[in-house]
Amino acid sequence: MAIIFYDIPCTLPNNSWSPNTLKTRYTLNFKGIPYETVWVEYPDIEPLCKKLGIPPTSKKEDGNEHYTLPAIHDPSTGAYLSDSILIAEYLEKTYPDTPQVFPHHTIALQATFAEAFWDSIGIARDFIIPAAYTRLNPRSQEYFRRTKSFGKSIEDRTPKGEDAIAKWEQFRGGLGRVDKWYAKSDGKGAFLMGETLSWETLSSPPSSSG
């Protein structure tokens, strides 16, 4: 039976765009595991997760549970999961005969790299969030504007002028640090693990840039 994969739609039909949900979509594709996509608008994520028993991924600032996508339901086992890396771990264990995203027991290394990667280029979110808003359907746009502007309008969140130049240079500097990590492979393959594609590629740009 095909896995049910919950993703966030945009204005282009059947087009996945979210860097977070793409991690799971790419993992499923890489492993060759059949799945069906269920598109869920932003304001419907929490009600759906609560209805199906999909666990929250974190806490909000007010202490309430925070529900996010990606999420999956595996009819073969009855499992409901959220959080891309937990989903990847589950798929690795449940479907061991598929290509491995954490080869040679490298999950700790892969998770650490992913965190360091996003720490290095985190300033990119100042550009990504306003750009993502323009891709959303009206119901999700309203939710996005209400919950993800962090005290500013979406328009005010968009870097402009000297601020944009400075933040873009900071972003370029972060990419430079990441480039040095990849250079350690001495040209033996395009991936962090040389010629072996793994979670680090599936969970980071350009693969998850939308």
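Leaving aside neighbours within four places in sequence, R125 is in contact (heavy atoms within 4.5 Å) with W118, P130 and R157. This residue is found in helix α5, helices (H or I, at least four residues) and strands (E, at least two) being DSSP runs numbered from the N terminus. At 41% relative accessibility, R125 counts as partly exposed; buried means under 20% relative accessible area, exposed over 50%, and partly exposed in between (1.4 Å probe, protein chains only). R125 and T112 are 13 residues apart in sequence and 20 Å apart in space, C-alpha to C-alpha.

The model is predicted: local features need pLDDT of at least 70 and side-chain atom pairs count only at pLDDT 80 or more, whereas totals for chains, interfaces and linings use all residues. Residues are numbered from 1 along each chain as its sequence is written, and side-chain values use heavy atoms, with hydrogens and water left out.

The domain assignment of the chain gives domain 1 (3-94) and domain 2 (106-203), with bounds that come from an automatic or database assignment. Their centres, taken over C-alpha atoms, are separated by 20 Å. The contact takes 16 residues from domain 1 and 16 residues from domain 2. Between them the two domains bury about 1,700 Å², 67% of it on carbon and sulfur atoms; buried area is the accessible area (1.4 Å probe) that two parts lose on being put together, summed over both. In domain 1, W17, K23 and Y42 lose the most area to domain 2, together 32% of what that side buries.

One salt bridge is counted between domain 1 and domain 2, the term denoting a side-chain nitrogen of Lys or Arg within 4 Å of a carboxyl oxygen of Asp or Glu. A salt bridge joins the side chains of R139 and D44 (2.9 Å, N to O).

A nonpolar core is a set of buried Ala, Val, Leu, Ile, Met, Phe, Trp, Tyr and Cys residues joined through side-chain atoms within 4.5 Å. The largest one has 20 residues, and Y6, I8, W17, Y42, I45, L69 and F144 have the most contacts inside it. At least two residues of this core are supplied by each of β1 (3-7), α2 (42-52), α5 (125-135) and α6 (138-147). Because domain 1 (3-94) and domain 2 (106-203) both give residues to this core, it lies between them. A second, separate core of ten residues includes L28, I33, I72 and L81.
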